[in-house]
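Please view the sequence and the model together while reading.

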Amino acid sequence: MQKIVTLKPFVHITSSAPIAVETHGGRAKCLQRLIRLGLPVPTTVALSFETVHRIAAGALPDTRSILNEFGAAPLVSVRPSSEDPDWGGPGAILNIGMNDDRHAALSETLGARAATKLYLRFIQAYAVHVARLDPDMFDVPEAPDATALRHVMDIYAEETDEAFPQDPAAQLAEVLRSMARAWEGTTARLLRQAKGAPADAGLGLVVQRMALGLGPAESGAGVMQFVDSATGRRQITGRYRSQSQSRDALKKRKGALYLTRDPRGESLEDRCPEVFAELVRHGETCREKLREEMQLEFTIEAGELRVLDALRAPRSGRAAVRIAVSLAEDGVIPREEAVLRIEPRALTELLHPQIDPEAKRDMVARGIPASPGAARGKIVFSATAAQASESRDEPCILVRRETAPEDIRGMHAAHGILTERGGMTSHAAVIARGLGLPCVVGVSGVAIDDRKKVLTTAEGRSFREGDEITLDGGTGEVLAGAVPMLEPSLDETFQELLSWADAVRDIGIRANADSPSEARLARSFRAQGIGLCRTEHMFFEDDRLTVMREMIFADTPEDRQATLDQLLPMQRADFVELFEIMQGLPVCIRLFDPPLHEFLPSERSAMRDLAESLDLPIAEVTRRVDQLSEFNPMLGMRGVRLGITVPEIYEMQARAIFEATVEASRRGDPVVPEIMIPLVSANREVELVKTRIDGVAAAVRNQTGAEFDYRLGVMAETPRACLRADEIAQHATFLSFGTNDLTQMTYGLSRDDAGRFMSDYVNQGVFAEDPFHMLDVDGVGELLKMGAERARATMPDIVLSICGEHAGNTESIAFCRAAGFDYVSCSPFRVPVVRLAAAHLALRAPRTAD
C-alpha cells in the first residue's frame, strides 16, 4: 500500500496564487501571468518541485482531490514545468480521465469516431510513457473504430496482466509518478546538466482541463505567433487545424487551414474573424506585458477560444536580434536588456554563411571547428590551384596536411580551408579566422595524397581535386557535395544592437589585421584600431617573396641592405594604406617575427625553381635551406632574436613605418604609429632594438623635415617576459600579451600538434578545456596577472592588452577586464562578438569607482 500525502500538494492557479518560477517552474508561472492578463486559460493546478520530488520517492498525492478541482468527470492533461524550459522534461500526457464511460458519453456528443480516436490516443500514450510498453504494439490506425479499440485494450491487458485502468484518479496518480521518476532518472539528469541545469534542478507539473477543440460548430486547435522565426519580422505565422463536425459525424469539415486570409485557401481569419482578432489582441498583450514575443497554443470549441499555453516564440540568431531591437525601440524593454538578451556567440550566425538547417547532411569526416561559418566548393590541394580556381571564379576548398606562410595567397583565394593536422591556434586556424574563412583543422581520420590529389576518408571514400565538398566551421563537419546555404545578415538591427553595446562596455576592442582588406573589415565592424598587424604576411606576395629570398641568400650586410631597399617602398605603401584606412585610430605594427626558413621551399622541385630564379647552383640553395633549418624553429631564430642578429630587417621596417607616417599625416589626421617588438624575454633586447629604431626615426625626421611621434611596445609572449615585466616596461609604452605563444611555452605544447591528443586530455579531465581555445586562467592567467602588476609597478600609465586568439573569447575578456587591461585585439570577424560580450560583462558586473 503506497503512502498518501495528506497535505494539499497542489495550488489552483489563480491571479493571486502563491506561484513562483523557483518553486513551481516557468510554465506554471507563465500560465498565472496569462490568467492575470485576462486570457481564457482552462482551469489549471500546479504541483511544486517538492511535491514532485516526493512523488518520485513514492509518496503519491491524493489525486482524487486534484480532480475535484475540475468538476465532474473531467479530462485533464499533465505537462512539465521546469525552472528553465531549455532544460527539457518528460513529454505531456493528454486526455487523462478517458475510460469506457467517458468514451460512451463523448460518442453521444462528438460522435463515435472522434471519441474513439481520443481514447485510442490516450491508451497509446499511457501504455508507452507510463506502463513503458513497446510503442510498436500501440500504433493508432488512421480510421479508428470499436475493433481497433478492443484490440489495443486486449494487448494492454495481455502485456500487463491487468485491464486498462478505468479510475481517473488512478490514471492520474500513475502519470504523475511516471513523469516524476523520469525527471529524476540518471539519463534525464545528465542531459539537463549538459544544458547548464544544476544537478538538483526541480520539476513542477501542471494539471489542466482538456480543451478538446472538437464540436459541431467551429472547433479546432492550433498555434499562433506574431513574428517570423527565421527573420524576426512582425508577421502572423503558425497553423490551425479545424475539427468541426456534425453531431452524427456524417457531415464533417476537417483539415489544415491558413491562419490569415490567403488566396490559396480558406483561413481561420475568414471562418472565425472574432476569434482571430481575439488571438491577435492576446498576442499584443503578451508582447507588451510579458515583454516577449510569444507563441500561443489554443483551441476553439464551438467558436469559443481557450489559450492552453504560451511559449517564447522560437527564433534563429538573426531573428533574435531583430526581436530584441524591436522590443527596445517600441519601449517594451530597455536597450540594456535588449543587449543582454542576445548571446554573443549567436552573432556568428549573422556574420558568416551558414548551412541551411533543413538541408540534408552527408558527413564524411569531422575535425576541430577552427573558424566559424560554412563554405562549399571544389577541392584543391595547393595554393597555386586555389589561385587558379579564383581566376575562373570557381569557389574552392583548400585541402592541406597543414598550411604554412607560403600558402597565404591560396588561403586568400579559397572559400574554406581543411587541414589534416593542427589545432585552434595552428597557422590555418589563425589565418582563417582573420580572413573570415570557414576552417576545419585536425581532421585526423583522413589521408591526403598531394601527389595523386586525393583525399580519402576513414571509411574509404575518395574525393579528387575538383570534387565538391562543404565545410561547417561551426561543428567541424566535412560534408560531401554542395549543401544549401543561408547568407549572412548584417542589417540595420544588427548595427543598432552593437551601438547600444558600445555605449555600455568599458574595455577597448581592436582587431588583428594584416592587410588593407582586413583593415577595412575591422573598420566596418567598428574596431577601435588595429591591435596587431603581422608584417611578415606582407612578404608572401610573389614579387616580394623573390626579393625576400634574395635577402636571405645575401652574403654581406651591404648585399642584404640592397635587397631590403627593394622591399622598402612596398612596405611603405602597405603602411600608408593601413594608416589611411584606419585614419584617426591607432595602428600597432609588429616587427618581423617568423624564422627565415619559412620563406624558403621545402620540396626539391621548388628548390630547383628557386635556384633558377636566383641564378644559383641548386647545391647552394639546399645548403642554405639546411643552414636555416632548426629542430625547434618556434623557439629558435625568430622575433627580436632575428632583429638583433640581422638588424637590417627591423631598420628597413622602421623606416617604412616612419616614412608612411609622414606621408599619411600630410594627407589626413596626424598618425602616431605603435611599433611592437615580438618574442622579447630580456630588457637588453628592447634596449638594443629601441636604440636602432630611435636612430631611424631621427634620420627620417632630418630627411623629411617632418616631426612625428611613435610609441614603442613589447609583445610579451614568453614566460620570462611576464616575470621580468618590471624591467622590460622601462623602455615600453605598451605591453601586449601574445597568448598563443605564451600558452605554448607555458605548457610546453606545440599548438600545431596538440590537436592530435587534446580531446583525450579534455575527456579524461587532464585539462578542463583546450588551453589554446580557452585561456588557462590558473596557469597562463597567473603569468598575465604577474606581468601586468609588475609592469604597472614600474610604469603606472603603461597600456596593457592581449592580442592572441584568446582575445575573442568571452571568458578571456572577463579576465582582462578584471585584471585592468585596456583593450583586447582579436580577428576582425570576432570584433562584433567581442563588443557584445564586453557589454554583457559591463552590465552584469559594473566596475566600481576607485
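The points below cover the basis of the model, then the helix pair, then the sheet.

The model is predicted, so local features need pLDDT of at least 70 and side-chain atom pairs count only at pLDDT 80 or more, while totals for chains, interfaces and linings use all residues. Residues are numbered from 1 along each chain as its sequence is written, and side-chain values use heavy atoms, with hydrogens and water left out.

**Helix pair**

- The axes of helix α18 (residues 492-504) and helix α33 (residues 831-844) come within 8 Å and cross at roughly 45 degrees.
- Helices are DSSP runs of H or I with at least four residues, and strands are runs of E with at least two, numbered from the N terminus.
- Axes are lines fitted to C-alpha atoms, for helices over the stretch in contact, and angles run from 0 to 180 degrees between N-to-C directions.
- α18 and α33 are therefore oblique to each other (under 35 degrees is roughly parallel, over 145 roughly antiparallel, 65 to 115 roughly perpendicular, and the rest oblique).
- In α18, F494, L498, S499, A501, D502 and V504 meet P832, R835, L836, A839, A842 and L843 of α33, where contact means heavy atoms within 4.5 Å.

**Sheet**

- An open sheet of 3 strands runs in the order β20-β21-β22, with antiparallel pairing; two strands pair if DSSP finds at least two bridges between them.
- β20 (447-449) and β22 (462-464) stand at the edges with a single partner strand each, so one side of each has no neighbour in the sheet.
- From one strand to the next, the twist averages 15 degrees.
- Strand β21 (residues 454-456) pairs with β22 over 3 bridges in the antiparallel sense.
- V454 has R464 in β22 as its bridge partner.
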